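Please open the model in your viewer and keep the selection tool at hand, as this tour moves from one selection to the next and says what is found at each stop.

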Amino acid sequence: MKPEYAERMALDRISTLPQPILEPVLSLLSTEEAARTSILSKEWRYRWTTIPNLEFTLRKRTSELTSDVESEMKYMDMHDLHQVLLLRHGPIHELTLSMEGYWEDDDLFEFEQIILHLSRNHIVRELVLDASESLWYKLPISVFALHHLMELHLRSFTIELPSIFNGFGSLVRLDLNDGEISTQTLRHLLSNCPTLKSLHLYIGHSDDKCTINELLKCLPVIEELSISSDVCELLVLDSDPQELPISLIHLKVLHLEGMSFIEDSKSAFLLVLIKCSPNLERICLNMAWSSKGDEEYPAVKNEYSNVWLEHLKELEISFWSRSHGMELLMEFGKFILVRSPKLKKVSIFGLDNQCRESMIVNTLLGAPRASPAVNFKINYPVPWSYPSTRTTPV
């Protein structure tokens with residue numbers, strides 16, 4: 001061994017570490033930073049190719065000359081990604097792809113080949129595909145061949161199931177954001193995910209509808225449910241909501257985005273979910289920015305008077321400055337207070353003035369409640385300053 005090499009290796013203690021130790025260290029870096037280690041030395045040239053968690057931002061390169069060549073070369077396109085994956089020396093357990101710009105048919109064909117390569121050669125546990133800065137693209141069918149997935153996050157894709165779909169037997173979390181999927185396809189997908197515990201559903205469009213019960217039947221072991229108001233528009237209230245065919249006994253966290261108490265479909269959906277979820281621990285409502293409807297419509301119907309939330313610990317409500325239906329919201333708040341013996345905290349965020357704060361505090365403080373101690377956390381924006389927060393113990 002040459003003296004210079006021996007001296008360098010003596011100083012370079014990191015390179016002498018065994019691969020089982022180096023790999024977790026490289027995994028803490030971003031994929032781009034990990035790839036840069038390949039220029040350190042010959043020993044480091046391929047070490048980054050064994051890390052199991054990868055994240056890439058894809059941008060289609062144009063044939064036109066640009067002034068910012070360095071920025072253009074910074075990003076990978078579909079072909080680059082395909083070549084990188086083919087040269088991999090280790091397994092891929094997690095992959096995150098952010099797709100920017102417009103992709104043509106030949107790019108999407110290569111995208112399909114990339115996912116097909118993953119399904120045939122790797123046991124992928126988590127897949128994140130984000131096309132939010134692009135048009136809605138059809139999701140590659142080969143995604144449904146990734147049978148070992150535990151987490152699947154999709155944004156801005158049109159989703160159609162293959163004719164033969166054996167389901168995701170290990171899927172624990174599913175996020176569908178700003179995409180297009182029919183309710184029939186959605187129910188088929190969910191019913192073939194028997195271990196699904198967390199569902200985040202923010203789909204943008206569907207051509208058909210289903211009943212609330214038909215959706216809930218597909219979620220027998222769900223623990224966390226986050227749904228947008230757009231989904232409420234796709235659901236039809238069953239003829240007799242009192243006779244629910246399923247109880248979501250595992251559901252602990254419920255989050256509704258774009259909630260409104262002056263729109264019948266949204267308030268009805270919320271009440272049905274509460275009625276069939278006896279073990280809820282946390283309810284989060286993000287109120288609609290602006291809604292129109294019948295403010296005479298009651299926030300809570302009589303048929304839900306026997307609801308009892310034995311395990312509820314937290315209620316959180318977020319406002320936009322133009323949210324309507326404040327009186328109906330207070331009616332709902334009193335409904336929760338009197339039926340939640342273990343409630344610890346009620347948080348209200350985004351109030352636009354102290355008058356609303358005063359009305360809410362006075363209404364809720366004077367309301368009957370089942371819990372002996374509740375903290376009210378009231379937050380409202382103050383002009384030209386950071387939001388202030390007040391906590392009122394009860």
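Begin with helix 7, whose buried residues pack against strand 7, strand 8 (198-202), strand 9 (210-211) and helix 8 (212-216); bear in mind throughout that this is a predicted model. To see which residues these are, select residues 183-191, the span of helix 7, and then highlight Thr183, Thr185, Leu186, Leu189 and Leu190, which are its buried residues. Now turn the view until you look down the axis of helix 7: the buried residues fall within an arc of 155 degrees, so they line one face of the helix.

The next stop is a set of aromatic rings. The structure holds 5 aromatic pairs. One of them is formed by Phe144 and Phe168, whose rings are stacked, with 6.0 Å from centre to centre and 25 degrees between the planes. This pair links distant parts of the chain, since Phe144 sits in the loop between strand 4 (137-138) and strand 5 (151-155), while Phe168 sits in the loop between strand 6 (157-158) and strand 7 (173-177), 24 residues apart. Are these two residues, Phe144 and Phe168, buried or exposed? Both Phe144 and Phe168 are buried.

How many disulfides does a search of the whole structure find? The search finds 0 disulfides.

Terms used
Residues are numbered from 1 along each chain as its sequence is written. This is a predicted model: local features need pLDDT of at least 70, side-chain atom pairs count only at pLDDT 80 or more; totals for chains, interfaces and linings use all residues. Side-chain values use heavy atoms; hydrogens and water are left out. Rings of Phe, Tyr and Trp (its six-membered ring) pair if their centres lie within 6.5 Å; planes under 30 degrees apart count as stacked, over 60 as edge-to-face and the rest as tilted. Helices (H or I, at least four residues) and strands (E, at least two) are DSSP runs, numbered from the N terminus. Buried means under 20% relative accessible area, exposed over 50%, partly exposed in between (1.4 Å probe, protein chains only). A disulfide is a pair of cysteine sulfur atoms within 2.5 Å. The arc is that of the directions from the helix axis to the C-beta atoms. Contact means heavy atoms within 4.5 Å.
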